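Work through the exercises below with the structure open. Each task is followed by a solution in steps.

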Amino acid sequence: MEGLVTRSLGGFYNVTSGGVVYESKPRGLFRKEKTVITVGDRVTFTPQENDLAVIEQLHPRRNLFVRPPISNLDRLFIVIAAADPAPDLFFADKLTVIARHSQVEPIIVINKSDLADASAIAAIYQQAGFPVILANGHTGEGTQEILAMAQDGISALAGFSGVGKSSLLSHLLPHKLETGEVSHKLGRGRHTTRHVELFAVGNGFFADTPGFSSLELTEQSTLRLPDLAAAFPEFAPYLEDCRFTNCAHLKEKGCAVLEAVQQGRIAPSRHASYCQLYEQLKAIPQWQK
Ligand code: GDP
Ligand code: ZN
């Protein structure tokens, strides 16, 4: 049978198939080959009578994140607070870049919309072509919109600490079990477990992790300088005009991207993030590119 790994705990896995959860263990070969199974993995497995099901085969992944550990992500809801903490647009832009590079659809959620006017930030991301949702982690405003977009595939929340991800999750997954319940058996506190679980939402699944706050553009990332401009969807109409001059779209004369920034067709904050990410990627040693 084929299924989706929806929970990983101490070498055992929950595999969900046709709405049924099978407690499973990997076949011995996995350990020998050092194959690591991750929440989000699609697997072939065999149910056993009176025993754990056996995971026979791991299907190829379309993406894999390490912190938190999750694979085959389709959609990332990037949460920004309108205030408290002050919006960190560079961080949000970096997440959009990592998402797009990993074939994940970024959606911008502006939370704490009760604390400050969110319209300027909303305009920046709408202009860039991303869906934008205004939310409130206290009232649950916006969470129906999030759920409506998460009805298929695998979704997760991302964003800086304190923006309200846990508050939003309590509205998105009100019936989820306390993660502490299971981890206590292993004698670990719930705050020390890096545990991700996927919960069914319609035909889709939503990760219960408020993680994704520490994504780094490290040596491990496959994102390289030549990919960067393509990760900014609003640059697309202008890239053609710069292509033959090897333009980096930083401050070159006659750059069509810069012209679009000056004319208000690309948000200055988005271009500033592009320049900052360009510098970060340039700093990765050449031999790793
Ligand atoms: P996380 O670190 O991203 O998981 O953020 P939390 O969900 O823990 O929220 C951080 C703080 O912001 C908590 O004190 C929440 O009560 C508060 N908070 C969350 N959402 C909202 C909101 O929409 N408006 C306001 N004013 N506060 C919020
Ligand atoms: Zn250019």
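The exercises treat a predicted model and go from the ligands to single residues.

**Exercise 1. The zinc site**

Identify the protein donors of the zinc ion (ligand 2), then state the geometry and the spacing of the site.

Solution. 
- Step 1. Look for N, O and S atoms within 2.8 Å of the metal. The protein atoms found are SG of Cys242, SG of Cys247, ND1 of His249 and SG of Cys255, at 2.1 to 2.5 Å from the zinc ion.
- Step 2. Check the angles. Four donors count as tetrahedral if all angles lie between 85 and 135 degrees. Around the zinc ion (ligand 2) the angles among the 4 donor atoms are 105 to 115 degrees, so the site is tetrahedral.
- Step 3. Read the donors along the chain. Their spacing is C-x4-C-x1-H-x5-C.

**Exercise 2. The shell of ligand 1**

Describe the residues around ligand 1 and list polar contacts made by its oxygen atoms.

Solution. 
- Step 1. The shell has 15 residues, and those that come nearest are Gly137, Gly162, Lys165, Ser166 and Ser167.
- Step 2. Sorted by type, the shell holds 3 nonpolar, 9 polar and 3 charged residues.
- Step 3. Helix H5 (residues 165-172) gives the largest share of the shell, 3 residues.
- Step 4. Go through the contacts. At serine 166, a side-chain N or O atom lies 2.6 Å from an oxygen atom of ligand 1. At lysine 165, a polar backbone atom is 2.8 Å from a ligand oxygen. At lysine 112, a side-chain N or O atom is 2.9 Å from a ligand oxygen.
- Step 5. Consider the area. Ligand 1 taken alone exposes 580 Å², of which the protein buries 72%.

**Exercise 3. Backbone exceptions**

Where does proline 85 lie, and what is the phi of asparagine 50?

Solution. 
- Step 1. Recall that most peptide bonds are trans. The bond from aspartate 84 to proline 85 is cis, with omega near 5 degrees.
- Step 2. Proline 85 is in the loop between E8 and helix H2 (89-101).
- Step 3. Asparagine 50, which is not a glycine, has a positive phi of about 55 degrees. This asparagine is in the loop between strand E4 (42-48) and strand E5 (51-58).
- Step 4. The cut-off for exposed is over 50%. Asparagine 50 reaches 81% relative accessibility, so asparagine 50 counts as exposed.

**Exercise 4. Sequence distance and spatial distance**

Compare separation along the chain with C-alpha distance for the pairs lysine 176 with aspartate 208 and alanine 231 with histidine 101.

Solution. 
- Step 1. Lysine 176 and aspartate 208 are 32 residues apart along the chain, and their C-alpha atoms are 8.2 Å apart.
- Step 2. Lysine 176 is in the loop between H5 and helix H6 (180-183) and is partly exposed at 25%.
- Step 3. Alanine 231 and histidine 101 are 130 residues apart in sequence, with 6.2 Å from C-alpha to C-alpha.
- Step 4. Alanine 231 is in the loop between helix H7 (225-228) and H8, and is buried at 4% relative accessibility.

Methods
Residues are numbered from 1 along each chain as its sequence is written. Chains are lettered from A and ligands numbered from 1 in the order in which they are written. This is a predicted model: local features need pLDDT of at least 70, side-chain atom pairs count only at pLDDT 80 or more; totals for chains, interfaces and linings use all residues. Side-chain values use heavy atoms; hydrogens and water are left out. Donors are N, O and S atoms within 2.8 Å of the metal (3.2 Å for Na, K and Ca); water is not among the atoms, so sites may look incomplete. Four donors count as tetrahedral if all angles lie between 85 and 135 degrees; four count as square planar and six as octahedral if opposite donors are over 155 degrees apart and all others between 65 and 115; anything else is irregular. A residue is near a molecule or strand if one of its heavy atoms lies within 4 Å of it. A polar contact is a pair of N or O atoms within 3.5 Å; within protein, one must be able to donate a hydrogen and the other to accept it, and residues adjacent in sequence count only if both atoms are side-chain atoms. Accessible areas come from the Shrake-Rupley method with a 1.4 Å probe; for residues, only the protein chains shown count as cover. Helices (H or I, at least four residues) and strands (E, at least two) are DSSP runs, numbered from the N terminus. Ala, Val, Leu, Ile, Met, Phe, Trp, Tyr, Cys and Pro count as nonpolar, Asp, Glu, Lys and Arg as charged, and the others, Gly among them, as polar. Buried means under 20% relative accessible area, exposed over 50%, partly exposed in between (1.4 Å probe, protein chains only).
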